[in-house]
Every structure is written in C-alpha cells, then in structure tokens.
Amino acid sequence: MKKLFGINTVREALAAGLNIDRILILKNKREKLSDISDLAKKNKSPIKYVSKEVFSREAGDVNHQGVLAFVNKLTFPKLSEDELYIENGDKKVYLILDGIT
C-alpha cells in the first residue's frame, strides 16, 4: 500500500478521484483540514482522526502536515512524445521533473 503525505498531495488526489483506501488526520488539525474531510466524504473515502502517537507510528519521520492517505495503487498516464513538450514559436519547450514526491 502506498502512502501520500501532505495537504496539497492528499487534496489533489481526492479532487482527481483517486481511489483512496483510508485517510488519517491528526485530531488537532480537524478544523484546518475540513476541506479535505469534505472531499473525502464526497468520494466515500474513510477518514480517521488520530492522536499524534498513532499518526507518527503510521507516517514515520516525514513532513506530513497532519494528513496521510493510503492508496492501493498509483497509476500514471502514458505520454507520447508529442505530449512531452509545448511549442513556443519555433522552439520546443520540455519540462523534465525528477524526484517529485
């Protein structure tokens, strides 16, 4: 099972309709992360509000911002060469990303 950490990561995964197994939110972040809770309810993704101890045991030592989602499988679209660049006049502009988490 894969883990997604952080407010924006989890919010975007929910907005994209990613199949999320469950979400953990720190109890003291409940109000701050209400938009994530709302999206999770809309997507029928289970949410559990947990103590710092439980959260730390699940998340480990990462910058999690108080939210953690568990997903069974991450899939990425296949891109053709034509989708890897944009044209800017007579030049092609490529965006190459490495190490994005």
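User: What pattern does the chain follow when read along the sequence?

Analyst: This is a predicted model, in which local features need pLDDT of at least 70, side-chain atom pairs count only at pLDDT 80 or more, and totals for chains, interfaces and linings use all residues. Residues are numbered from 1 along each chain as its sequence is written, and side-chain values use heavy atoms, with hydrogens and water left out. The chain has three helices and six strands, where helices (H or I, at least four residues) and strands (E, at least two) are DSSP runs numbered from the N terminus. Read along the sequence, the pattern is β-α-β-α-β-α-β-β-β.

User: Which element has the lowest mean pLDDT?

Analyst: pLDDT is the predictor's confidence in each residue, from 0 to 100. The chain averages 85, and 87% of the residues score at least 70. Where pLDDT is low, the predicted coordinates should not be read in detail. Among the elements, β3 has the highest mean, 95, and the lowest, 70, belongs to strand β5 (residues 85-88).

User: In what order do the four strands of the open sheet stand?

Analyst: Two strands pair if DSSP finds at least two bridges between them. The pairing in this open sheet is mixed. Its edge strands, each pairing on one side only, are β1 (2-5) and β3 (47-50). The order is β1-β4-β2-β3.

User: Which residue stands opposite Leu24?

Analyst: Strand β2 spans residues 20-26 and strand β4 spans residues 67-71. The two pair in the antiparallel sense over five bridges. The residue in β4 opposite Leu24 is Leu68.

User: At about what angle does helix α3 run to β2?

Analyst: Axes are lines fitted to C-alpha atoms, for helices over the stretch in contact, and angles run from 0 to 180 degrees between N-to-C directions. Contact means heavy atoms within 4.5 Å. Helix α3 (residues 52-59) lies across β1, β2, β3 and β4. Its angle to β2 is about 135 degrees.

User: How many degrees does the arc of the buried residues of α1 cover?

Analyst: Buried means under 20% relative accessible area, exposed over 50%, and partly exposed in between (1.4 Å probe, protein chains only). In α1 the buried residues are Ile7, Val10, Ala13 and Leu14. They line one face of the helix, because their arc (taken from the directions from the helix axis to the C-beta atoms) stays within 145 degrees.

User: Which residues are exposed on the other side of α1?

Analyst: The buried residues of α1 have a cover that includes β1, β2, α2 and β4. Just after the helix, Gly17 takes a positive phi of about 80 degrees. On the other side of α1, the exposed residues are Asn8, Glu12 and Ala15.

User: Which residues are exposed on the other side of α2?

Analyst: Ile36, Ser37 and Ala40 are buried in α2. They cover an arc of only 100 degrees around the axis, which puts them on the same side of the helix. Their cover includes α1, β2, β3 and β4. On the other side, the exposed residues are Lys41 and Lys42.

User: How many residues apart in sequence are the parts that the Asp35 and Arg11 pair ties together?

Analyst: The structure holds one salt bridge, defined as a side-chain nitrogen of Lys or Arg within 4 Å of a carboxyl oxygen of Asp or Glu. The side chains of Asp35 and Arg11 form this bridge at 2.7 Å, N to O. Asp35 lies in helix α2 (residues 34-42) and Arg11 in helix α1 (residues 7-15), so the parts tied together are apart in sequence by 24 residues.

User: What is the relative accessible area of Arg11?

Analyst: Asp35 counts as partly exposed, at 30% relative accessibility. Arg11 is also partly exposed. The relative accessible area of Arg11 is 24%.

User: Is Ser45 buried or exposed?

Analyst: Ser45 lies in the loop between α2 and β3. Not counting residues up to four places away in sequence, Ser45 touches Leu14, Ile20, Ile23 and Ala40. At 7% relative accessibility, Ser45 is buried.
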